[in-house]
Amino acid sequence: MDNKKSRFICTSIKGANHADKGLPCQDAAATATLYHKGYKFFFMAVADGHGGDAYTRSDVGSFLALQAASESVNRFIIFVIDTFEKFPNNWIEMVKDDFQGRFGKMLVNNWVRMVEAHANDTENNPDDVIKLYGTTISIGLVFNNCFFSGKIGDGSIYSISYQDKKFLVNNLFETDDKNSENLGLATASLCSRDAYKKWQMQVLFLEDIKMLFLVTDGFTDSLKDPKKEILNYYFNLIKKGFTNFEFTIAQEIKQLSQKGVGDDISLVIFLPNLQGKV
């Protein structure tokens, strides 16, 4: 495996239950390597539309969530880089405060605007129309050796680190205290009332990080020990090499859905290589 480059693996598969019923995949995933003012940054996201009779457009909603996340990150990175250039010694704390206090609201507002533009539905209550598109969203932004992660809903974001001669798998959002819901869902959603208040975030330094792993709940719900499986993925990736692992991962995820809860699964794997200005 070439360790000189940061690399993504991104896949999204239709779950066994949806395939059997002829229903569309409700999940979506996206990655991008981008530049601003000569600085490289990385964007990643997974979204999980709720599906079911109450959320009949959530396959579109999850796709629009990726667009909303991308637009939000592209606006946020301008502030990040400007702050980094002006305050190189303490930029992280300034950016972290903004990521916690403003980003979630920007993300939700962008998604609602896109949903309303897609719906073009004037005869129904706007809140009822937005609910049709209900979805979760989990995102990551890597800049200057820092990982800005956040989510609304029950997606998961994991890191694999190597410390004290041991590999450790960490769920960045072990407890979802903000996921209480009043729409009959078990998770928070972009269609929740005051959805921006459900925004959770973490900022992580990448010095010891070997792999980042974003995934929708079809993956975690299908496993007794998701952390163990994620670590196995990492070891298999090292053993097989990046290209071979990337070629087989979609089929492995599809088999996991068939053996597990039958849900759609989207995942992003990011292998960081610490880089600054290019």
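Predicted model: local features only at pLDDT ≥ 70, side-chain atom pairs only at ≥ 80, totals over all residues.
Strands β2 and β3 run antiparallel and are joined by ten bridges. Within this pair, T31 has M44 of β3 as its bridge partner. The hairpin of β2 and β3 has two residues between the strands, and K37 there takes a positive phi near 55°. Further along the sheet, β4 (residues 135-143) and β5 (residues 146-152) are antiparallel and share seven bridges. I139 has G150 in β5 as its bridge partner.

## Sheet β1-β10-β9-β6-β7

A further open sheet is formed by five strands in the order β1-β10-β9-β6-β7, again with antiparallel pairing. β1 and β7 (166-171) stand at the edges with a single partner strand each, so one side of each has no neighbour in the sheet. Neighbouring strands of this sheet are turned by 15° against each other on average, direction ignored.

Helix α6 (residues 226-240) packs on the sheet and touches β1, β6, β7, β9 and β10. The direction of α6 makes about 130° with that of β7. Helix α7 (residues 242-259) also packs on the sheet, where it touches β1 and β10; its direction makes about 25° with that of β1.

## Strand β10 and its partners

Strand β10 is joined to β1 (residues 7-13) by seven bridges, and the two run antiparallel. With β9 (residues 209-215), β10 pairs in the antiparallel sense over four bridges. V268 of β10 has C10 standing opposite, and L214 also stands opposite V268. V215 has L267 in β10 as its bridge partner.

Seven of the seven residues of β10 (residues 265-271) are buried, so the strand is largely enclosed by the rest of the structure. Both faces are covered: the buried residues are I265, L267, I269 and L271 on one side, and S266, V268 and F270 on the other.

## Surroundings of I269

I269 belongs to strand β10. The relative accessibility of I269 is 0%, and because buried means under 20%, I269 counts as buried. Leaving out residues up to four places away in sequence, I269 touches R7, F8, I9, M211, L212, F213 and F245. The C-alpha atoms of I269 and E246 are separated by 9.8 Å, with the two residues 23 residues apart along the chain.

## Nonpolar surface patch

Y162, F167 and F235 make a nonpolar surface patch of about 250 Å². Y162 is located in strand β6 (residues 156-163). With a relative accessibility of 35%, Y162 counts as partly exposed, since that class lies between under 20% for buried and over 50% for exposed.

How values were computed
Residues numbered from 1 in each chain as written. Heavy atoms only, no water. Pairing = 2+ DSSP bridges. Patch = residues over 30% accessible without salt bridge, like charges linked within 9 Å, V, L, I, M, F, W, Y side chains within 5 Å. Areas by Shrake-Rupley, 256 points an atom, 1.4 Å probe, with all protein chains shown as cover. Salt bridge = Lys/Arg side-chain N within 4 Å of Asp/Glu carboxyl O. Buried < 20%, exposed > 50% of the residue type's maximum accessible area, 1.4 Å probe, protein only. Contact = heavy atoms within 4.5 Å. Axes fitted to C-alpha atoms, helices over the stretch in contact; angles between N-to-C directions.
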